[in-house]
Amino acid sequence: MKTPTPLDVLVIAPHPDDAELGMGGAILKLKAEGKKVGILDLTSGEPTPFGSLEKRAAETAAATEILGVDWRDNLGLPNRSLEPTLAARENLASAIRLLRPKWLFAPYWEDAHPDHLAATQLVDAARFWAKLSKTDMPGEPFHPQRIYNYYCVHLKMTPQPAFVLDISEYWEQKFESIRCYYSQFIEGRPQEYPTFLDKLHDEASYWGKTIGTRYGEPFTSREPIGLASMGSLV
């Protein structure tokens, strides 16, 4: 694994496209604020009905260029049978020790997709393991300050987020990055309104409405979120 200088933020995604779907706007906003941001996809996301390893790699590369992140890699864990095993935990904890991000972003912990559930369990466990001493894992012990959870769920639910981030300025770029995954969201899907992409737009508008902006992305956390001041509230 090629590692950059320490990251501020590491987004951990079960499949390529989950980071874009769940928090593409936040990624763009963090980059604009000068943060070093990386994405670690846990699996290839394949097989899918219209995708292939080659297609997915090309789509991911195109989306990554739009997001402008500092680093992206794939842990190579098995799609459709992702599990929070000890071996997978060690692999992810090793990446965290090398990348040293202050914040981790993981999927929301309730979902119909088993890979998403496993990914969140894996992130929680790997965060703890990353700080262990007397281990064969590479790098020095490290414990990220926070885990935040983004919403990219397959359940028909509207969970109450801890906060909603205004992404109005970055919605178009986020949408463009999602459209890069043609084999996943456009090819073979119904083109009558509302399409999958139409629904994404409506969801972003809904979350924006909840905070009085045009577009938003919801996030939560298992731990309390502290504020240094009230000045940043929308």
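# Questions on a predicted model

Reader: Which strand holds D41?

Author: This model is predicted. In it, D41 belongs to a strand that runs over residues 37–43. That strand is β2.

Reader: Is D41 buried or exposed?

Author: A residue counts as buried under 20% relative accessible area. D41 has a relative accessible area of 2%, so D41 is buried.

Reader: What does D41 touch, not counting residues up to four places away in sequence?

Author: Contact here means heavy atoms within 4.5 Å. With residues up to four places away in sequence not counted, D41 touches A13, H15, P16, T60, R72, D73, N74 and L75.

Reader: Where is Y170 found, and is Y170 buried or exposed?

Author: Y170 sits in the loop between β6 and α5. Its relative accessibility is 13%, so Y170 counts as buried.

Reader: Which residues does Y170 touch, not counting residues up to four places away in sequence?

Author: Y215 is 45 residues from Y170 along the chain, and their C-alpha atoms are separated by 8.8 Å. The contacts are another matter. Leaving out residues up to four places away in sequence, Y170 touches G25, L28, K29 and A32.

Reader: How far apart are the end C-alpha atoms of helix α7?

Author: Helix α7 has 15 residues, 196–210. At 1.5 Å a residue, α7 should span 21 Å. The computed distance agrees with this: the end C-alpha atoms are 22 Å apart.

Reader: Which residue just after α7 takes a positive phi?

Author: The place to look is just after the helix α7. There, a positive phi of about 80° is taken by G212.

Reader: Which residues are closest to the centre of the second largest pocket?

Author: The second largest pocket has a volume of about 790 Å³. It is lined by 23 residues. The closest to its centre are F163, L165, I225, L227 and S232.

Reader: Which element gives the largest share of that lining?

Author: The lining divides into 15 nonpolar, 3 polar and 5 charged residues. At least two residues each come from α1, β4 (103–107), β5 (146–150) and β6. The largest share, 4 residues, is from β6.

Key
Residues numbered from 1 in each chain as written. Predicted model: local features only at pLDDT ≥ 70, side-chain atom pairs only at ≥ 80, totals over all residues. Heavy atoms only, no water. Expected span 1.5 Å × (residues − 1). 1 Å grid on protein atoms, 1.4 Å probe; cavity = no way out; pocket = protein on both sides within 12 Å on 5 of 7 lines; lining within 4 Å. Points joined across faces, edges and corners; volume = space filled by probe spheres on them. Nonpolar A, V, L, I, M, F, W, Y, C, P; charged D, E, K, R; others polar. Buried < 20%, exposed > 50% of the residue type's maximum accessible area, 1.4 Å probe, protein only.
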